[in-house]
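Here's a friendly walk through one protein chain. Take a look at the sequence and the structure first, and then we'll go through them piece by piece.

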Amino acid sequence: MRAASLVLLLWAGVALAQDPALERRVTNLAHEMRCLVCQNQTIAESNAPLAVDLRNQIREQLAAGKSERDVVDFMVARYGDFVLYRPPLNGTTLLLWTGPFVFLIAGFYFLLRFLRRRQVSAPRLSADDRARAAKLLE
């Protein structure tokens, strides 16, 4: 029984791999989704076991006749907006989109504050100090 299942899986994998249009659709869709265990990689680029499983899941759903939008909706419903490599701008992803700009502006603000505090004002000399300095310069 186990051998028959393995043969069936291998046959299905070979049959699916022989459809170049399906593989192109899988690859295009996999480039649009983020690997959930890797650092900043798409599902197409990652070799993590979860990424391989997700690619297979995409392939199975597309082979079953679902559209790309259906597959994306399924993945978002299951894993959240984080699975999308370019998540939509909404309330939960607002920090993802604005965070870099907020940190950049805050960095410039603190840099300006630091530079302004660092500036040394010109020393104020009394009349005696000026006379002594003038005498030394003669």
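## A starting question

Is Tyr 109 buried, partly exposed or exposed? Tyr 109 turns out to be partly exposed, because its relative accessible area is 46%, and the labels work like this: buried means under 20% relative accessible area, exposed means over 50%, and partly exposed is in between (1.4 Å probe, protein chains only).

Before going on, a word on where this comes from. This is a predicted model, where local features need pLDDT of at least 70 and side-chain atom pairs count only at pLDDT 80 or more, while totals for chains, interfaces and linings use all residues. Residues are numbered from 1 along each chain as its sequence is written, and side-chain values use heavy atoms, with hydrogens and water left out.

## The overall layout

The chain has 6 helices and 0 strands, so reading along the sequence gives α-α-α-α-α-α, where helices (H or I, at least four residues) and strands (E, at least two) are DSSP runs numbered from the N terminus. Of its 138 residues, 20% count as buried.

In soluble globular proteins, nonpolar side chains tend to be buried together. Here the largest nonpolar core has 17 residues, and the ones touching the most other members are Leu 29, Met 33, Ile 43, Ile 58, Leu 62, Val 71 and Met 75. Helix 2 (20-30), helix 3 (49-63) and helix 4 (68-79) each supply at least two residues of this core. A nonpolar core, by the rule used, is a set of buried Ala, Val, Leu, Ile, Met, Phe, Trp, Tyr and Cys residues joined through side-chain atoms within 4.5 Å.

Thr 42 counts as buried because its relative accessibility is 4%. Leaving aside neighbours within four places in sequence, Thr 42 is in contact with Ala 30, His 31, Met 33, Arg 34, Cys 35 and Tyr 85.

## Salt bridges

The count comes to 5 salt bridges, each being a side-chain nitrogen of Lys or Arg within 4 Å of a carboxyl oxygen of Asp or Glu. One of them joins Arg 59 and Glu 23 (2.8 Å, N to O). Arg 59 lies in helix 3 and Glu 23 in helix 2, so this pair ties together parts that are 36 residues apart in sequence. Glu 32 and Arg 86 meet in a salt bridge too (2.6 Å, N to O). Glu 32 sits in the loop between helix 2 and helix 3, and Arg 86 in the loop between helix 4 and helix 5, so that pair ties together parts 54 residues apart in sequence.

Asp 129 forms a salt bridge with Arg 132, with the closest N and O atoms 2.9 Å apart. Both lie in helix 6 (residues 127-137), 3 residues apart, about one turn of the helix.

## Rings and a surface patch

A search of the whole structure finds 1 aromatic pair. It brings us back to Tyr 109: the ring centres of Tyr 109 and Phe 110 are 5.3 Å apart and their planes lie at 65 degrees, so the pair is edge-to-face. Rings of Phe, Tyr and Trp (its six-membered ring) pair if their centres lie within 6.5 Å, with planes under 30 degrees apart counted as stacked, over 60 as edge-to-face and the rest as tilted.

Leu 104, Phe 108, Leu 111, Phe 114 and Leu 115 form a nonpolar patch on the surface, with about 500 Å² of accessible area together. Patches are made of residues with over 30% relative accessible area and no salt bridge; like charges are joined within 9 Å, and nonpolar side chains (Val, Leu, Ile, Met, Phe, Trp, Tyr) within 5 Å. Leu 115 belongs to helix 5 (residues 94-118) and is partly exposed, with a relative accessible area of 37%.

How values were computed: Contact means heavy atoms within 4.5 Å. Accessible areas come from the Shrake-Rupley method with a 1.4 Å probe; for residues, only the protein chains shown count as cover.
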